[in-house]
Amino acid sequence: MTDANREVIKKEAGVPEGVERTKPHRVFKPDVDIVERKDDTVLTADLPGVDEHSLDITLEKNVLTIKGAVDQKIPVGYRLAYGEYQVGDYERVFTLSDEVDKDRIQASVKNGVLRLVLPKSAAAKTRKIAVTAA
Amino acid sequence: MMLWTDLDRFGFPDPWRAFDRLSSAASGMLASSTSEFPLVNVWMDRDRAIITSELPGVDTKDIDISVAGKSVTLRGSRATEDACEGECQHRRERWSGKFTRSIELPYAVNQDKVEAKFIKGILELTLPRAEADKPRKIAIKTE
């Protein structure tokens, strides 16, 4: 997002038709940046309130699921005078292509930001073809 | 941004339900979801205010908090990581750049006792009311 666009909306995560969640908490879709580099793809997600213990990343077949649980800390004895955002858990699901080397995926969390490095499998790396004069 | 100064309405059993009730009543207390960044929540008590804001990935050295009288100003910035233009960028949803936010409380703040905590990307500011600004109980003499 550039400086010009200052709108921030917390997007609610969806569930398939007819399916409900077991817990009453809200679940949001975290904002992500996905950048493809030469040898890997980097996914950065904003998950404020989540640390390495409350984050759950699973990869099943080609589906990557990111789930973060947030401690709903409501100050006791205070009332909410002005509220602009709600607090809830985070969830987002992505489908990875075969190009990702699934055994070497790395994840790190700092200050509520998840950084997932998805290395490209050897087969997917572009090969430069050397041209020789015949 | 002026806060609704009604300090007598206590006893919301479930603060989050206040959100739902207010958004359905379309009252002015719940800001529209497209507010200025960063989004803040303000919790109040008679003597203290707690302001929370979600600032994931911002370094504490990039956050500047200043308090003057009744107003609190929050300034900061976040840079994009792995910047790249064009084809290589699949998605760019996260915000970046500078932000400034000012909040005016209904009472003057005791500047020496302000506390700020930054945990897991959430900033929590505790602002106690200035002693001089606290209401004094007035004793009634009966003749």
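Buried here means under 20% relative accessible area, exposed means over 50%, and partly exposed is in between (1.4 Å probe, protein chains only). This is a predicted model, where local features need pLDDT of at least 70 and side-chain atom pairs count only at pLDDT 80 or more, while totals for chains, interfaces and linings use all residues. Residues are numbered from 1 along each chain as its sequence is written, chains are lettered from A and ligands numbered from 1 in the order in which they are written, and side-chain values use heavy atoms, with hydrogens and water left out.

**View 1. B:Arg101 meets A:Glu84 in a salt bridge.** A salt bridge puts a side-chain nitrogen of Lys or Arg within 4 Å of a carboxyl oxygen of Asp or Glu. Here the N to O distance is 2.7 Å. B:Arg101 sits in strand 6 of chain B and A:Glu84 in the loop between strand 7 (79-83) and strand 8 (89-95) of chain A, so the pair joins two chains. Strands (E, at least two residues) and helices (H or I, at least four) are DSSP runs, numbered from the N terminus. Why does A:Glu84 count as buried? Because its relative accessible area is 7%. B:Arg101 is buried too, at 5%.

**View 2. B:Arg94 reaches A:Asp46.** The closest N and O atoms of this salt bridge are 2.9 Å apart. B:Arg94 belongs to the loop between strand 5 (89-92) and strand 6 (97-104) of chain B, and A:Asp46 to strand 4 (residues 40-46) of chain A, so this pair joins two chains. Both B:Arg94 and A:Asp46 are buried. They're also part of a salt-bridge network that links them with A:Asp33, B:Arg78 and B:Arg92. Over all chains, the salt bridges come to 15.

**View 3. B:Glu93 pairs with A:Arg92.** In this salt bridge, the closest N and O atoms are 2.8 Å apart. The pair crosses between chains: B:Glu93 is in the loop between strand 5 and strand 6 of chain B, and A:Arg92 is in strand 8 of chain A. B:Glu93 counts as buried at 14% relative accessibility, and A:Arg92 does at 9%.

**View 4. A:Thr44 and its contacts.** A:Thr44 lies in strand 4 of chain A and is buried, with a relative accessible area of 3%. Which residues does A:Thr44 contact, leaving aside neighbours within four places in sequence? They are A:Asp31, A:Val32, A:Asp33, A:Val113, A:Leu114, B:Glu81, B:Asp82 and B:Arg94. Contact means heavy atoms within 4.5 Å.

View 5. Strands pair if DSSP finds at least two bridges between them. Inside chain B, seven bridges join strand 2 (residues 48-54) to strand 8 (residues 122-128), and B:Ala49 has B:Leu127 as its bridge partner.

**View 6. The largest nonpolar core has 21 residues.** Such a core is a set of buried Ala, Val, Leu, Ile, Met, Phe, Trp, Tyr and Cys residues joined through side-chain atoms within 4.5 Å. A:Leu43, A:Leu47, A:Ile66, A:Phe94 and A:Leu114 touch the most other members. Strand 10 (113-119) of chain A is among the elements giving two or more residues, and its three residues are the largest share. Not counting residues up to four places away in sequence, A:Phe94 touches several residues, including A:Ile34, A:Leu64 and B:Arg91.
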